[in-house]
Each structure stands twice: as structure tokens, then as C-alpha cells.
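Hello,

Here is the structure you will be working with. Please open it and keep it beside you as you read on.

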Amino acid sequence: MTQEIKQEYRVLGTRPIRHDGADKVTGKAIYTADVKPQSMASGFILRNPHAHARIKSIDTSAAEAMEGVLSVMTAADLPDVTDKVADLGEGTVNLSYLSHNILARDKALYRGHAVAAVAAINVHIAEEAANAIKVEYEPLESVTWVMDAMKDDAPLLHDDVFTKSGGEQSEQPSNVSVHLNFQQGDVQKGFEEADVVVEREFKMATVHQGYIEPHAVLADWNQDGRIKVWASTQGAFTCRQQTAEVLQVPLSHVTVVPCEIGGGFGGKIAIYLEPVAAVLSRKAGRPVQIVMRRNDVFEATGPTPGAFIRVKLGATKDGKLTAGEAWLAYESGAYPGGMLGPGCMCVFSCYDIPNALVDGYEVCLNKPHIKAYRAPGATQAAFACESVIDELANELGISILELQQKNAAKEGTRRVDGPVYPRVGFVECLEAAASSDHWNTPLEGENRGRGLASGFWFGCGLKSSVVASVNSDGTVNLTEGSTDIGGTRTSIAMQMAEVLGLESDDINPRVVDTDNIGYTDVTGGSRTTFATGMAAYEAGRDLQRQMTVRAADLWECKPEDIQITAGVFSANGNQANFKELATELFKAGEPLVGRATVAPECSTNGFGTHIVDVEVDTDTGKVTILRYTVIQDAGKAVHPSYVEGQLQGGAVQGIGWALNEEYFFDGCGEMRNASFLDYRMPTAYDLPMIDTIIVEAANPDHPYGVRGVGETPIVPPPAAIANAIHSAIGVRMEELPMSPPRLWKAIQQNQNGG
Amino acid sequence: MTLVFIPTQLRQLTNGVEQLELDVRNVRQVIEQLETRFPGIKERLCEGDELSPSIQVCVGQTLSSRGMITKVAADSEVHFLPAIGGG
Amino acid sequence: MKDFEYSAPDDLQTATALLAEHGERARVLAGGTDIIVQLREGLCSADFVVDVKNIPELMALDYRAKQGLTLGASTSCSQLYEHPDLATAYPALIDAARIIGGWQIQTRASVGGNLCNSSPAADTIPPLLVHEATCLIQGQAGSREIPASEFCTGPGQNVLQPGELLVTLQLPEPAANSSSAYERFIPRNEMDIAVAGAASWIQLDASGQTIEEARIALAAVAATPVMATEAAESLRGKPATAESFAEAGELAKNAASPISDMRGTAEYRVHLCSVLTQRTLARALARIQEAGS
Amino acid sequence: MGTKQLVSTTINGEPRQFICEARQSLLEVLRDEVGLTGCKEGCNNGNCGACSVLLDGQPVNSCLVFGLEVDGKEITTIEGIAQGGEFHALQQCFLEGAALQCGICTPGFIVTAKALLDENPGASEEEIRFQLAGNLCRCTGYDKIIRAVMKAGEQMAETAAS
């Protein structure tokens, strides 16, 4: 179901078959691990087995001596890069942390931290050789829970990390790398005005992005010093920059070929393998491929932060929020640099709260370095805030939907971190929820309950480049730099087709390597259909401008006399659609090539509301999802099927996060469930169909009103499900995941009045 | 005049002043004028002569990637926010 | 993974000879769904792998009323549940075969392999126990038979000596008026290892009201799958009612001595013994009643 | 280094021979020796189904089969699903139903779903969800995949009937 935007479109809103579809359903699509040049060698990485350890010595001689081994490396083979901070568009990265994470130097900071690597004629020999490398460790005390890592006596990960608080730095080194604080209005006064105040504390386990394709790379370091890298990356240019910076070579010496990518969700922006494969290749004199093992993907990449959050909200009898207070502690893993900022900015982002205080801490501990995961930091914050909103609604005796409608953020609402929202679609989402079939269908049966929760993600713009080459028949080859993870070739091509009056199929979109297109930021931040789509629109307008000038000669009129309506050019009796005019112009004169670069500097502000029905097996604590509806403002939904796909996929990742997914550490800081067997992502048999309602509140910052949609859908599910569990059995879950053992325990305590 | 919002954590430098109006054309002028009024505030917002990489400047609803040279209109708001990345 | 020699003999003699020759350094390959993962992850190693899927005896699937089931140790779970008669004769075993891994696992994994892997959480072992399966073991010296209940000796450990091979499992024809069921608890609905599992078999008297005999076996709550004898005996002569089942469920907890790990706490597992025992008893009863009606 | 052995098999209807080491999985052999990279490595221990192929018509995780085991057997991979220049109904329905996003799990789903629909084109949503539980997808939430398989089943039933 789609609530229609006023303006009529010819291509936008239709559901053409994606351009790369045929390759992907026939097994022809080439992912990084599928690129296998004849001379290729295989790499394998040796990883640290301790949660925290000093590396005293590494002896690679036995590995080097083995038959079939071509090269061996350690961190000593990487340049010692300084603390320079590189801007990756989507956030920044400290290069020394990046380098030390790729190969540990003096200290290994988490189990799975890479310490050495081998290239051999096949992966089995590389593995045997890696296991023959002798590493002498001095195990150190470790810490894997954020609140423990904040204690004064906690094992210190870095003696050169200090607490940065508003640009000021602590005297003593600390695991706490960042302290943030936002205040708006007078919180104390706000709570005094409240008739009802609810305060709760929440714990959240570390979770992983869980993309099905493991990290993979093929690197070829030529004798001339030029490096070609085939990568599974969300951003070829970001990958190129990180690789070049870590290896200290000029950007022009590195070419990154973005292969088809098997999922990313934020976890394939930072690099892990590229410099290692490159150096192994330089030493071996041939291309080297590394494919990460699944357990290494869990133990050494991603994940997204475990957290502790306390939220306090106050409201008047008539349901108006008067004050909010939040205290957040987010882990950043082995190095500083995590998701605290967005967590703090999102915790109250759905509501108009006149008086608010947010206090946040980012903490290093012995886990892999935290990475973005779909609306990074927002899901944790929403779990806390939306659970308290639900409690508040219960106290006030009104429905959570009504409470949200009374306080929903809208155009002009000032967020606690300061900025004021432009036109946003949250109110429309809540209206759509209120009038949805799901919300209006009574739920019957024992131990069943309905929950609702909302969520927000900024969505960003950043930089994109496209080039449009017109063929002699008026079809267009569209060259772009945005890796296509979920059908963006098509959603971008459709925007060009719309402006030019062509069909989606008339456009031939190609994602090319870093030598063949202008700089383009990552496929992430919900930006690709929005920003690269905007570039495609602008490139189309560029073509129309050029064609107008040349049509003026053809039609013996002034360029400004030529009208373009629905892609059709017309002037003093002459008329030609794009194909006709392009064919005509091709016969005489220069070929037509359009181009555009954009850098929209705005958030696309995506709001969503989820409704879920659950049934709880009170004997076992197991939750079954009976029905699920995702409502989200997409701005103009370019390709509704793929918008629905984003909504459904994000919701199901959120369901997994809510119910079963977690990093399970034993007492020694060892992850005990680093496999798809025990890290329990939902299977098809765990779920119902996921219904979607697309709200279309046009984005004022895009020519077609498009908003980013990819991230918001993961934000509401854990809270929505917690609220549903509460309505089913009266038990408030304050810890994620709400796994059967945990829920069963809570049920027991509830029964014992505990 | 441009309305400049002081980040909460810098308000001890401004004696609690939360926002103030400045006559400025770009972010560099914002920071220079803040520094003359509230000495020490620049080093909290900048690394050398550039904005700190952990900070993103927001003018009205625009999250600028242009740092110090970001233009600010007379009627606009200026905020200094934590830099964020998405998935 | 370290390389090894591979052989797929088509008769028992050759197989047992190879196993005897390579002793501790040899591994048997049936469906491979456990052994290949263990070799790859270095949990075990081998210089010689004997693929036993070409040996007729190990691929047997022979059910005759009155005589019971002869199940080749390498016969896959999917062959088992695709057999027309077995769901009525040995429902607990079919319940288990249907839920091991996913479909791609079930087409390869075998009940014999599941037994030889000797995981405490093995889904097919409790059904083998309640159906009183016997293991036929072949060594070079000769063969021996032992009850399935005595096969496992600890996590990943069993009575097989180097050079010995599990050939078939013999399941007696089930008594009249009896049925069984297996259920495990997992957080997902598929693709999981049992947090706890229970198989129950009951036989009713002619009246169809009273329990004559019962057997209950549990998975993932001790070092090996275990019989809950006390619980089973409590049912003898009792009415087949929820009350009797609840009492048996409580007693089943006494058979459990679980550990806490990433799949569940000891406390939770003990609790699940009662839940799953009651549910499988009720299901077995329902199956008898369906057959009767 | 391991000694290699010759294996004779039939892949997608054509007789194929390859040599491999005992430790090489069918997945490795198909991708590295035979050059069929359509089956993907997602976990390499049988938990994701991305490497699913049909072995004598039955779905298996090719990462849990040794290359040497398939001597004399028939293998169908994603590359063998489309026939005579035509998409299989499943492939058409996956495309029309937008039942893929990143596409890495798609070959495994299509291969496994084919085995299911060949047996039972009328499979219910419940049956399809159960039989496909061994195939993980992280992008789609499964909704569109299940619908595509149901639609393909209907089409196959119709073609069979006509």
C-alpha cells in the first residue's frame, strides 16, 4: 500500500526488473571471491587467541620455509602511520588505529586480532604455514562489558587514549575516549511540571551486521608500484583512500574495482584485508586473494555497540512530554571511534521535548573495533526511549500511538542537539499507523500482545559523480561510482529515465572502478538512491541543456525558445523526444556526454513506525512474531519493490537483534558463538510476511522528493517487540536480546513478585 | 544577524551563554568572533586552523562538508554537532 | 585443513581392514556434516578418511512389520523420513530426523553418524533410546552388539575402538497401542542445536486409558543423552492424563545434570526437561489416539 | 602437499572430469577447478546454504561434501537452472518479485527451491519456509523470496497441467 505524493511521475513509482538481476539469478554476477586470475595465490591470516595480550615476539621462519609458501608478513611490513585522521565521507578514521587493527603491533586487543599473514599456492598450505608461525604472547587482563570497562580499576587498553569532553582532554589515560553532553531548556523544571515520570535502565549486547558474504579481497601490486585491488566494499573510493593511506602510496597508484558485494550494512566501509593482500602480493610477485573465514568475520569485523542506557521521561496528565533525561554508555571496541554521537542525537529525536539532557560516554574494551550497522547507535537508543514511552503511555492510560501523536517531531521541532527539523513525515507515519488494518484489527488469544514503536535516522547526502554517454540510438550508458548492494543501479537509472523521458530499460547503468568515474562516497547512510540519484537527474538536465543548444541550430531558433516537457523538446513547430533528437544530433557533430557531481549537504530525515503482534510461550520464554507492519516515510518511493525490500530487511534484522542475536563471551573474553549456527540470525521459518506501508512526504531537498530509506527500518523493532511482550504478559524486558532463557527468567521473577 | 548555538560542553567558557547573535559571513568568522569574546573556545572547536574532525558544522539544516569556509546567511542558525556516519 | 588419504571401499572387510591399519589416525566419513567441519576447524585430524557410503550394509533401510527396522549407519535422515511406514512405527525418530540442521544437512546426515559423533545434544539419540535400538558394531576381529543406551560414554566419546565401525542400528517392532515423540527446544525454529531435547514413548493398556509402559530419554542436559528412568517408571499404571505427565516432567528433571553455556543456563535446561517431557508425552498419547480413532 | 585424484562426474548435464586433493570440498572444486563460481561461500560450515547445489537431485551444502565423494554422481548448480536460453520460472519470479538485494544468497535459494518445487510445486508458505530454513538471507527479510517461490510453484503447476 502506498500513500500517493501529489506529483505524477512516468517512471518513478513503477517496478522495472533491475539491470543486474539476470546475472544474479544465474550465478554469473562476479563477487570478489569469484575473481580468480591464473597466477593467483591465496592468503591466510593468523589471529591472536587471547582477549588481550602483549605480543613479545613473532617468528615466521618455519612458515617461510614451507613448500608452496610465497610470502609472509607481519605489522613490521606496514608503514608506521601517524595519528592522522582521514575523512571517509561517512565519518572519519584514525589511520594508526586502522593500521594497527589490520595487523596488531605491540598489543593484540581482542581475540581474532590479526597478527601475521601468509600467501601460498593454495589456501590450505597458507593456513598450515600460518599455523606454523610462532607468536609469543603475554596475556593481559581483559574487559568485555562497557560498564566494567568504565571503572577506574578496569584493564586499560591504550595508555595514549584520554577522555575528550567538548574538545578538552582528561589528565589520565582512560578507556573512556569521548564524553558528550547536550542540554536544552531546564530539565529540573521540566520534571517538576510532569504529573508522571518514568525512569528505566537498559542493557544491550553487541551484535553483528551479519552480511552473508565474508570480507574478501584480491590485490595485485605491480612491479611499477601500482596496486589494483578487487574488493567487497561499500565504497571503492573510501577503500582506495584507506588502502593508500595505510600503505603510504599516492592515491593515483591505487585502483579499486568494486565487485558485486554480498551485503554490508555499514560493516564494509572500513578495510581489513586490502593492505595485507597488497603487501603479500608485492612480496610474492603475483596477485593474492584473501577470503575471511566466517568465525573471523564475527571475531574481527563489525560489530555494532553493546550499550547501557538509562532514560527518564516526564509528561503531564494530558500526555504532553515535559522533560527527558538520558545517560548512555556505548562500547567502541578495541579503539576509540564509535557510534555514541548518533546515539545521543537520536535518543529523543522522535519527539518535541522542551527540556532535555543527554549525557554520553564512549568506551574502549576488548572486542573488535565497532563499525556502523544500519542507523548506527540509533536502535539501542530507541529501544530505551520507546520502552519508556510505552511505560509512560501505560501510566497515563492512553495508547502509545496517542502519546506519540501528541509529541511527534514535526517541521520546526528543535532536536536536543540543536538543529530544527525541515519538512518531515513522522506525523504522517503515525496517521498511517492509526488507520492501518493491522492497528485496527483486534488481537485475540492468550499470551498475545501488540507493540508499537517509532524510530528516526538522519540519512546523509555526501558526494556522488555520474557520467551519461548517449548512444547513437538515443539510449544512455550511465557510469556511476556507487556500489549496488540492493538495486540502486535501477533506482538511480530510473531517475535519469524520468528526467529524459526514457524507460528504465533505455538506461544502461554501470558501476565502475576508481579510475573510471569521479569521486563517489560510500553506499551507506541511506544516501545512494537519494544522492547518486540526484546526480543522475542533474546529468540528465546537463544533456538536455547541451541538446537544447544544438537543437536550436537544427530548428533555426534560439535555445531559450525550446521547451522541454516530459522529456519532449519543442520549438516553433518542431518537436522531438529524447531518442529522436539524440539520433538526429549524433549524425552531425560531437557525441553527447552529460555529467554531474553533487554533494547535497542535508539530512534526509527518515521516520518510521512499526507495529508487531507477538505470542509468548510462557513455559519456555520463546517469542513468536505473529504479524508485523512497517510504516515509513520514503519521500518519493522510486522503485517501491526495493523500498519495501529495505523496510522488510531492516525490520527483520531488528527482529533478530531483539530476540536472539548477541556476542556471547565466556569468562576469558572468548566469543563462544562465532558461527551462523550459534549467532542466531532469523531464518525464513522464524518469520511471517512483513507488511509495509510507504508514506510519501516529499523531501524538499531532492528534485523528486526522494528520501533515504535504508537505515530507519532497523531502529524500532527491538522496542516494538519489547512493548508487545509487555502487553502480552506484563513483563518489561530491559535487556537485549530478549532471548528465551532471559525472558523465561524475567517471567519467573515476575511471578515471584521479583 | 546569525544565531550561533554554543555546544553544551563549551558553555562554561561562555559563562553559561547558550546562544548569541553574530554578524558573520562564514564559519571561520563565527569561530574568530567567539574566540575574541570567549578566549580558549577556538582550540575546543578546532585542530589548528581547521574544524576538529570530530565536529560537524550545521548551518540551518545544512550539514556542511566545507568546514571553516561554510557560508552562513544572516538569518541562519549555526550548530556544532558530533560528526556521524551511517551504515 | 591438513590433507589426507581418501578411500571409499564397497565392502565391510576392506573398510574394517583400512580402519584397523590406520587406527587412531583414521576417520569414518558418512554424511560428513560433522566430521568435515571438525577436520576443517582442526577439532580433529586424520591421515586417512574412509568413506563408508558405498558399503551396502551401511546404506540399509529395511523395515518389516514384526521384525522391526534395520537402519544402515550411513542412511541419510531424508531417506528415513521419506520412508512411508516409519512415521507410524518410530515417530520420535522421524521427528528428530526432520529437524536436524536444514534440508541440505538432512540429505547427508545419518542417524548412525549422529550417534557416532556422540554429542550430548544429538537429536536422534533420545529416540533411539526410547525405541530400544541395538548397535551392530563390526571390527576386524568380528562383530558385537550393544544397546544404543550404552553407546555414548561422554561428550564426543563412545564405545567404538580404533578399527571398529558402526554398521547398523536394529529397532524392534514397537508394541501395539504405543507411540512416541521427540521435541527439542531451540531459540530459532530450525537450524539450531538443542538447548534441551526429550523423547517419550508410551504404551497404553487395552482400555486406552492407562499407561502400561513408558520410556523417556533426554538430550543436552548431561554428558551423554540419558534415560529418565524414574520419570518413566512413575507413569506405569497411571492414567494417561496431563497430571501424570506433569509428575513425570518433574521427575525427569532429576535425570538432568546440565552445564551453562551460550545455548542456555543449567537452571533453564533443567526446567526445559519438564516442559519437553510433558509435551512429548502428550504428543505420543495424541498419536496413539489418532491411530486408534 | 596432498596427492590429487581424478573424479568423473556429470555437472549440469555434461560429463566433467576434474582432479582434486582429498581435502578439497565440492564447493572449492566447483569454484576453483571447474570454474563454476555461482555457488557461494558464506560460512564454509553448513550453516548458511549459500553453497547449495543438487547432488543426484538432492540439495546439499557443497562445503560439506568432499570433491572426491561425487565420483559417478550428478551435480546441478545455479549455472544449470536456466534451460535453452530461458529463465527457469524461479529465476523469472525472483526478478519480477524483487526477491533479491545483494544477491549472494540467491543462487543457493534458487537451487534449493527448485528441488522443493520439483517435488511439490504446490508447497504451502509454511512448507517453503521450513524447507528453505537452511538458506540464510540477511537483506530481504525473506518476504519477497517466499512469495517468489510460491508464484513459481503456481506457474510450474500450471505448465505441468497444460
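Below is what I found, part by part.

Please note that the model is predicted.

**Two helices in chain D**

Start with helix 2 of chain D, residues 89–96. It packs against helix 3 of chain D, residues 106–119. The angle between them is about 135 degrees, and their axes are 10 Å apart. Helix 2 of chain D and helix 3 of chain D are therefore oblique to each other. Their crossing is right-handed.

Which residues meet there? From helix 2 of chain D come Leu90(D), Gln91(D) and Phe94(D). From helix 3 of chain D come Thr106(D), Ile110(D), Ala113(D) and Lys114(D). By kind, the residues of this contact are four nonpolar, two polar and one charged.

**Ala130 in chain A**

Now go to chain A. Ala130(A) sits in helix 4 of that chain, residues 123–131. Is Ala130(A) buried or exposed? It has 22 other C-beta atoms within 10 Å, and 20 or more count as buried, so Ala130(A) is buried.

Leaving out residues up to four places away in sequence, Ala130(A) touches Phe44(A), Ile45(A), Leu46(A), Ala63(A), Ala116(A) and Val118(A).

**Helix 8 in chain A**

Helix 8 of chain A covers residues 274–284. It is mostly covered, with ten of its eleven residues buried. Among them are Val276(A), Leu280(A) and Arg282(A). Gly285(A) follows this helix, and its phi is positive, near 70 degrees.

Best wishes

Notes: Residues numbered from 1 in each chain as written. Chains lettered and ligands numbered in written order. Predicted model: local features only at pLDDT ≥ 70, side-chain atom pairs only at ≥ 80, totals over all residues. Axes fitted to C-alpha atoms, helices over the stretch in contact; angles between N-to-C directions. Helix = DSSP H or I, 4+ residues; strand = E, 2+ residues; numbered from the N terminus. Parallel < 35°, antiparallel > 145°, perpendicular 65-115°, else oblique. Left-handed = near helix turned anticlockwise from the far one by under 90°. Contact = placed C-beta atoms within 7 Å. Nonpolar A, V, L, I, M, F, W, Y, C, P; charged D, E, K, R; others polar. Buried ≥ 20, exposed ≤ 12 C-beta atoms within 10 Å, placed from the backbone.
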